[in-house]
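Dear colleague,

Please find the structure below, handed over for your records. A summary of the findings follows it.

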Amino acid sequence: MRNFALVVAAGKGTRLGAAMPKQYLPLGGVPLLRHSLVALKAHPGITGIAAVINPEFLEEYEKAAAGLDLLPPIAGGAARQDSARNGLEGLQHLDPDRVFIHDGARPFVDHDLIGRLLSALDTSPGAIAAVPIRDTVKRGIGGRVTETLDRSALWRAQTPQAFHFKPILEAHRAAAGQDLTDDADVAERFGLAVALVEGSEENFKVTTPEDLSRAELKLASCQADIRTGMGFDVHAFGPGSSLFLCGVEIAHAQGLVGHSDADVGLHALTDAILGAIGAGDIGFYFPPSDPKWRGAPSWKFLRHAADLVAERHGAIAHVDVTLICERPKIGPHRDAMTARVADILGIAPGRVSIKATTTEKLGFTGREEGIAAQAVATIRLP
Ligand code: MG
């Protein structure tokens, strides 16, 4: 089965009072949108994911999706319904069997819910996450109750909403120009059966500042297992005219010798992250004996470590790298290194520290025979 997911994040919604749309505001140190992208990405039943975005915010999107290996984003439309339709049209060439349509502002879609929706599609062309209404529901006019409704048949619709691909695309084409409230409504009007699948109260949509605080609290409480890992690495100087340090190429009278690009800072940091999640070391994943990694850019190693954290539904709270060398001088490159590491890890630059020290001309670093680096990573796990 080719199951694709569309994450609709094209809204300009600035109701939260920030300068950018809410899906790009930070939650747990990464853009809100990233949480649902990561959750969908981690489910083995999902073949590919595309976000539907407003191209005006492409740069913010790229930060939110950094390293996740998604399909290219699809440009949204004027209203949410147009965005969903554009998304479906944009997936058509991939010949999907089924499609999940999910709101970019629902960060807590979980693995089991995705599985329940997939199962429901075996017997129904549509299935949506929904929660039964527990409170008594009143109809009221002018501040007075006019009727008490039978809540036993009432549900609150959430996303993901999942469908067989061809019928939902046809339904959306037929509904173009109408103003329907969700994709299930589009399906219902086209005559498609839509199954109700139990969602969860945790799968709430972030709309108000209160929602964002609630999401921060939930995240903190479900990532309360705080781990620290450390890494250390050394590479020797050798012939060359530049070297890589923390992902930035620096002109220098010598290069660094190594099987990969010999970025000693990123190697130490990769090991620190792997250490924090108890996932071995850099040599385990990228053995120097494997010719595949000859000259490899070390950001790939670091990103792999970050992906392993994401797979465990963890978050990188902070990283701190110390480069130990007499030369090159690190100060002039520190901001670029910080930005680069933040970009590779998909976290805010404020969570990245790059420092440098010398060994007062003592030892191999003092004699400028090589560069050493140490790193500490703090990771939050569920
Ligand atoms: Mg190394």
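**Contacts between the domains**

Between domain 1 and domain 2, one residue pair is in polar contact, with both residues at pLDDT 80 or more. On the side of domain 1 that touches domain 2, helix H1 (32-41) and helix H7 (209-222) each supply at least two residues. Please note that this is a predicted model.

The protein chain is divided into domain 1, covering 3-222, and domain 2, covering 225-381. Their C-alpha centres lie 37 Å apart. Ten residues of domain 1 are in contact with twelve residues of domain 2. The area buried between the two domains is about 840 Å², and carbon and sulfur atoms give 52% of that area. Zero salt bridges are found across this interface.

**The magnesium site**

The magnesium ion is coordinated by Asp 233 (OD), His 235 (NE2) and His 267 (ND1), at 2.1 to 2.3 Å. Asp 233 lies in strand E12 (residues 225-238) and His 267 in helix H8 (residues 264-276), so this pair ties together parts that are 34 residues apart in sequence. The spacing of the donor residues in sequence is D-x1-H-x31-H. Both Asp 233 and His 267 are buried.

**Gln 161**

Gln 161 is placed in strand E10 (residues 155-164). Its relative accessibility is 1%, so Gln 161 counts as buried. The side chains of Gln 161 and Asp 182 are joined by a polar contact of 2.9 Å. Leaving aside neighbours within four places in sequence, Gln 161 is in contact with residues including Val 99, Phe 100, Ile 128 and Ala 184.

With kind regards

Terms used
Residues are numbered from 1 along each chain as its sequence is written. This is a predicted model: local features need pLDDT of at least 70, side-chain atom pairs count only at pLDDT 80 or more; totals for chains, interfaces and linings use all residues. Side-chain values use heavy atoms; hydrogens and water are left out. Donors are N, O and S atoms within 2.8 Å of the metal (3.2 Å for Na, K and Ca); water is not among the atoms, so sites may look incomplete. Helices (H or I, at least four residues) and strands (E, at least two) are DSSP runs, numbered from the N terminus. Buried means under 20% relative accessible area, exposed over 50%, partly exposed in between (1.4 Å probe, protein chains only). A polar contact is a pair of N or O atoms within 3.5 Å; within protein, one must be able to donate a hydrogen and the other to accept it, and residues adjacent in sequence count only if both atoms are side-chain atoms. Contact means heavy atoms within 4.5 Å. Domain bounds come from an automatic or database domain assignment. Buried area is the accessible area (1.4 Å probe) that two parts lose on being put together, summed over both. A salt bridge is a side-chain nitrogen of Lys or Arg within 4 Å of a carboxyl oxygen of Asp or Glu.
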